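Good morning, colleagues. Please take a moment with the model on the screen, and I shall then go through its features in turn.

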Amino acid sequence: MKLETFSIRHERAILFLVGVLVVVGVWSYTQTRAAIFPTMHLSRVDVVADSGNLPPEQMHVSVTIPLERALLGLPFAQRVLTTSAQGSSELVVQFDPSTDVQMDLQYVESAISRTRAQLPGGTTVQANIVLPQSEPILSYALTSTRFSQTLVQEYAQLNVLPELYGAPGLARVLIVGGPQREYHVLLDPAALASAQLTAADVTNAIATANDVEAAGISQVYSQRNAVLVDAGLRDARQLARVVVPTPRGAAVTVGSLGSVDLGTAPPTMQMSYDAIHGVGLNVYALPGADTVRLEREIASRMRHIVVRLPRGIAVHTYWDAADIIVASQSSLRDAILVGALLAIGVILFFLRNLRITAVAAVVIPAAMAIALLAIHLFGESLNIMSLGGLAIAVGLIIDDAIVVVEGIAHALHENPKLDVKEAVRASMRRLMAPMAASTLTTIVVFAPLTLVGGVPGAFFRALALTLTCALVVSLALALFVTPTLFRIFLARRIPRLESAGIHRVLDRYDPLLRWALRHRRFAYGLGGVVLIATVLLLATLPTDFLPRLDEGQFEIIYRMPVGTALAASDAAATAIERVVLADPAVAAEGRFTGIDTNGFSPMPGRGGDIRVRLKPLGERAGFETIAQRLREAVGIAVPAAQLDIHQILEDMLNDISGAPAPIEIVLSGPDQATLTQSATRVAAAISKVPGIADAFSGVNQDDPTMRVQPNLARLAAMGIGTPAFSQALAAGAQGTVATQLPEAAMLVPVRVAMAGAAGDSGRLAATVTVPGGTVPFSQIARATVDRSSTDVTDINGLRSIVVTANVAGRTLSSVVAGLQRALAIAKLPPGYTARIEGAYRAQQESFREFTLVIAIALLLVFFAMLATFKSFRQPLVILATVPLAPIGVALALVLTRTPFNVASFMGLLLLVGLVVKNGILLIDAANRRRREGFEVEESLVLAGRERLRPILMTTFATIGGLLPLAFGFGAGAAMERPLAIAVVGGLSTATLFTLIVIPVLYASFCAKEEMPL
């Protein structure tokens, strides 16, 4: 059976099937999970080791190096970045992106197990897969005017968390803020000396007394009982009654040696909301979870929790990752609707017939619905790239329908006596082959995208999948549904109407084409001029990596000077918060100090994270303006603070791309001190480069280390060993946790310290309590303060420091040029190197990959056209116009002041398919006319007149569909805006080359080819 008659013979079955697919597609839209970005695999494992308070160099030698050597030898490990800080080491292992990250984690954990024996005693090592879901999707703050942070935190642990657990897609909830309650045993030095005891003796007595052991089974007749020896402690009164044996054989109680009270632990972190201390709840999603549904479920549960809260506790939302997802989907939905209306308006303008326009218009929602079903079946989420692909496809979806309805209308116009059914058959017989070939060439250009790695690869593969599904569906609908709809809507032939403007264009195109065919050298010269202008324009275009979104939320990472205590850091952070809240664009903010928002990455007490939610975009300025405003205001209010202001999603994309900061300058060399000096000098130099903000040397100085050197001879004379001296010193600082007491649903630590020490922030006492009394510290030890230690960083075993910065208000290319000049001024010592990485390296890699992709796409397109035309020359004639198309891309980017980035490259790739698609339709018509017996030039003129209107219609429909994205309406359109601008600009000029240059080249190189029948 011939395909052109298939839809006529089975029109009821086809319409029924399409209707079912449309309904299922609409249903799948409600079931497909929502996300901001396509699913991305980082293939990265983060290893965090904790070993007390060892200085960085010692951590580097005793902990980091053994782990680093074990990890470097793992299969598929590409890069190991290590940072040794005071008491902690962090090792980030980057694996080949094609590996299974779960298997990578097993390799890492196996390497850690083999290395544990080499690590210092008490060292803990934890490995985590780095996921985009490591950051919270929702953050709440609980504040109270009546209860302490500790009580609010306990209430949240006991009453709020159980209500949240079990939500579909929930991974974990992190509660931060408020010190933990604990019992304080504050010892009197005089009482200890009188009893000849030390704090260690009391600690051991409490630990021993708090004991519950199983002693076996007791059975009396038929009753069986478990026997427990329960010496467990329950409260402060029992603690006070614990007996401590003395060297004289007597016994004293803990209560007689000091006081026992309920208090709170020394604070190690802090949380606040809108500059008011509170308790934070961070909600994290499982990988692949529907963020929007999880957010709505958690919000619903929180509403039920709020009504049962004790009076005086309030709940506030200050971070919601679902906001930008909802906003982006809304803006892309609007872009799809507006683009569809513009595309339909183009058809109506050209054909001046509502019924014919309706036939083509029906294809858009049907193709969209079925494409959504395909997206759902492929497991892709509804994100800014998949939905953006649908927005881009609006104009393309209707192209095939335009060709069909215009072809049928053209057949009716040429032969008024022709029956509608016969017109459909004749038109479809003529159009099926070139339409299939042109759609195939548009689709095959996406195949090489598998070669693109990182974020651009994940992003544009998702977009290509959507476009491919939409194009395949639109072709099927155009071939099998549109003819049927045409017959139904136009059962009786209706005369075709055209505007006078279209007639004038057709009348002027004919002589223009004839003139160009007679003056071919002029066309060649014009093409050469265009090529030269294109190269010059593209060379001067500013470049960037990824398009920038305005997320409506951002974070401020702050660091205070080395040695800043938690209380001082908290006070400085509160001052920063007040500056943030004073900005008219800010809606709310929440702050963590001393802990990272992911809950496991090391964060010193002098640093923290302030997350800021902005007002809607229409009520405020853009992020860049707000960020610069806050930098200046905070610089005046808290000049000692080192800031890093960035958007979360942008930072996450940089991190996934292997570029944690937009600007990274990696300095490498053998000596840490020289590296530190060089990094400081480089940071100072690049901070003067226009467009550079938040420059940081990468030199993380650790808190001062107080090195206590005991006088071993005097300690020996007193009968005291080094361990006993250390325990006595700890008791005089923040004390020692002896045990934990069960209380309700929690364990409460018991801290033993000397009176006056627990609230003293760990300051060493002037005297030390030892067996027999107290001794001045200066008589048995000497203390010195080391302020020179810095974090130690290795990259694949090479000592390095990474200088980082953000880009503000400038493009990446202009900033990098300034960086290169700054590095030339800040000369490095011999043996030390500097290389620019970060987003710049990721951009260069992506540009190289996209250049290769376009080259391969051209080969694939050539192969598809070779199979279609069975000629080498005709595909080359069509492809010859491809190098001319970028002149429109360059002009559009210049006029809109849009930098050239990976999205622009994707626009070039799509443009290749669209240019070739129009060329195929034109050449196919010319070949048909030649087979009918016309001369070459006359065939080209007739083909031009026949294809001019559908080419113009499809071009304007595609442009109309892309205009909402090109204008960048809404948050979701920002990622596709450079792509849309590139395609709109390229099509605007490429259409002229298709209509003029292709016929000229065809006449020159294909005139002698024989036309197969």
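What we are viewing is a predicted model, in which local features need pLDDT of at least 70 and side-chain atom pairs count only at pLDDT 80 or more, while totals for chains, interfaces and linings use all residues. Residues are numbered from 1 along each chain as its sequence is written, and side-chain values use heavy atoms, with hydrogens and water left out.

I turn to the overall picture. The protein chain has 1013 residues, of which 56% count as buried. Its C-alpha trace spans about 125 × 80 × 55 Å along the principal axes. The secondary structure comprises 32 helices and 31 strands; these are DSSP runs numbered from the N terminus, with helices being H or I of at least four residues and strands E of at least two. A contact here means heavy atoms within 4.5 Å. Among contacts in the chain with a separation of 6 or more, 81% are between residues 24 or more positions apart.

Next, a helix pair. Two packed helices are described by the angle between their axes and the distance between the axes. The axes are lines fitted to C-alpha atoms, for helices over the stretch in contact, and the angles run from 0 to 180 degrees between N-to-C directions. How do the axes of helix α31 and helix α32 cross? Helix α31 covers residues 936-966 and helix α32 residues 977-1005; their axes come within 10 Å and cross at roughly 180 degrees. The two helices are therefore roughly antiparallel, given that angles under 35 degrees count as roughly parallel, over 145 as roughly antiparallel, 65 to 115 as roughly perpendicular and the rest as oblique. On the α31 side, the contact residues include V936, L940, L948 and I951, and on the α32 side they include R977, A980, I981 and V983. By class, the residues of this contact divide into 18 nonpolar, four polar and one charged. In that scheme, Ala, Val, Leu, Ile, Met, Phe, Trp, Tyr, Cys and Pro are nonpolar, Asp, Glu, Lys and Arg are charged, and the others, Gly among them, are polar.

I come now to the aromatic residues. Rings of Phe, Tyr and Trp (its six-membered ring) pair if their centres lie within 6.5 Å; planes under 30 degrees apart are stacked, over 60 edge-to-face, and the rest tilted. The structure holds eleven such pairs. One of them joins Y273 and Y318 in a tilted arrangement, 6.3 Å centre to centre with 45 degrees between the planes. Y273 belongs to strand β13 (residues 270-273) and Y318 to strand β16 (residues 313-320), 45 residues apart. Both tyrosines, Y273 and Y318, are buried.

A further pair, F460 with F850, is edge-to-face, at 5.9 Å centre to centre and 80 degrees between the planes. F460 lies in helix α15 (residues 454-480) and F850 in helix α27 (residues 839-869), so this pair ties together parts that are 390 residues apart in sequence. F460 is buried at 1% relative accessibility, and F850 is buried at 0%. Together with F847, F900 and F905, these two form one aromatic cluster.

Two arginines also meet aromatic rings. A charge is said to sit over a ring if NZ of Lys or CZ of Arg is within 6 Å of the ring centre and within 35 degrees of the ring normal. The charged end of R172 sits over the ring of Y284, 3.8 Å from its centre. R611 lies over the face of W319, at 4.5 Å from the ring centre.

Finally, some individual residues. Most residues other than glycine have a negative phi. D694, in strand β22 (residues 692-696), has a positive phi of about 55 degrees although it is not a glycine. D694 counts as buried, at 13% relative accessibility.

A366, in helix α12 (residues 354-377), is buried with a relative accessible area of 11%. A366 and V22 are 344 residues apart in sequence, yet 5.8 Å apart in space, C-alpha to C-alpha.

Technical notes
Buried < 20%, exposed > 50% of the residue type's maximum accessible area, 1.4 Å probe, protein only.
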